[in-house]
Amino acid sequence: MTSETTAPVGPFYDALHANYIVTLGDKLDSPTSYEGAVTEHLRVSGVYWSLAALALLRNEGEVDDLMGLTKPIQAATDGTDENKIRSAIVDWVFQCYDARVGGFGGNCSGENPHDAHLLYTLSALQVLAISNSLDDERLDKDAIANYVSSLQNEDGSFSGDEWGEIDTRFTYIAFSCLALLGKLPLPDWNNSNSTQVVSEEKPIIDTYKAVKYIMSCRNFDGGFGCVPGAESHAGQVFTCVGALSIAQSLHLLEDADLLSWWLAERQCDSGGLNGRPEKQADVCYSWWILSALSILGRVDWINTGKLGQFILNCQDDEDGGIADRPMDMPDVYHTFFGLCGLSLIGQLEKIGNKEGQNYRQIDPVFALPTDVVSRLGLKAQVIRNGGVDVEKRLQLHSILDI
């Protein structure tokens, strides 16, 4: 195996990263912000990446104080309105709820939400999970569950919205949404001939059929594509492995070594990971690949020391944030997934211990801090490989011996 646990060389810019995340929202809200204009349609996901990133570096109270998660805070201004107050993020998220269909849009125009999509519905629920607001009376759990259910197709796949795009990402998202809502039915694998799920009532979705669809997207190289026959891609691998984990169905990966080897081969000479053969390394795959390897019990199949150094090399040492690769401009998407990568290889914890910071850990299945996953009672499935004990963060999940 190629794992190397030596702590990476180089500084970690904690204060710069926190400031980058905290000030990003006001920068994007500026009417002259190009970045704000081109990301307006996915702002709910951007807020989730920001909150989740900061949640790894700071405790719940600090995140609320710095970001205005559950309470209004004073917004940064250009000097024309020093008393401008920004509403609580949770209140804004509910403004993005599309009551017409029961899902969340990526933003809102005034009080008018954008059209709902599964992607933004999950991001909204993740924000509410971080803020401990899933029991807010404004959250219509039944309507959201019915919205998710309405997007399942006859073959078990899920569309992202009413316009019909199909992608294995949406199966993971559907499972995650229903798990967060406490409404995910699990397949009854004790009866190999059964297509039913364990439930006294008619299940909200056909999880058995959805899992079978995921397995139909597996390729000869062990990876997964977005639809049957599509090229294997690390992002799709995570969504498929993550969905199987949430559905307690990892036993269907009869040759987990083949998939893990394909994932391990994504490590480049720089130490970073790419998403498919012959592509450049990109920090975001520190999440997509490490999360899958963590679920599969095979993080030690890559050189974690070199990966940790690659991620640190992608930091902006002037303004904070993490870029896709060294010397590029940082963004909050890569900042979050870079921090996730450092967490999953244990380097963030080591850095925290060295600097006197108590950093939180990321859960590789639900992409939420492990304390949030524990608080919500979320339970997925992970593999114990070769009898080796699973790491502590995974012990709240069911353990499958393969």
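Me: Which residues does F336 touch, not counting residues up to four places away in sequence?
Reply: F336 touches Y48, W49, A52, A53, L56, I362 and A367, where contact means heavy atoms within 4.5 Å. This is a predicted model, in which local features need pLDDT of at least 70 and side-chain atom pairs count only at pLDDT 80 or more, while totals for chains, interfaces and linings use all residues. Residues are numbered from 1 along each chain as its sequence is written, and side-chain values use heavy atoms, with hydrogens and water left out.

Me: Which residues have the most contacts inside the largest nonpolar core?
Reply: They are F158, F175 and F336, in a core of 126 residues. A nonpolar core is a set of buried Ala, Val, Leu, Ile, Met, Phe, Trp, Tyr and Cys residues joined through side-chain atoms within 4.5 Å. Buried means under 20% relative accessible area, exposed over 50%, and partly exposed in between (1.4 Å probe, protein chains only).

Me: And which helix gives the most to this core?
Reply: Helix α3, residues 43-57, contributes 11 residues. Helices (H or I, at least four residues) and strands (E, at least two) are DSSP runs, numbered from the N terminus.

Me: How many helices and strands does the chain have?
Reply: The chain has 16 helices and 8 strands.

Me: What share of the residues counts as buried?
Reply: Of the 402 residues, 56% count as buried.

Me: What is T239 in contact with, leaving aside its neighbours within four places in sequence?
Reply: T239 is in contact with T168, R169 and Y172.

Me: What about Q236, buried or exposed?
Reply: Q236 is buried, at a relative accessible area of 10%, and is also found in helix α10. Leaving aside neighbours within four places in sequence, the contacts of Q236 are D167, T168, R169, F224, G225 and C226.
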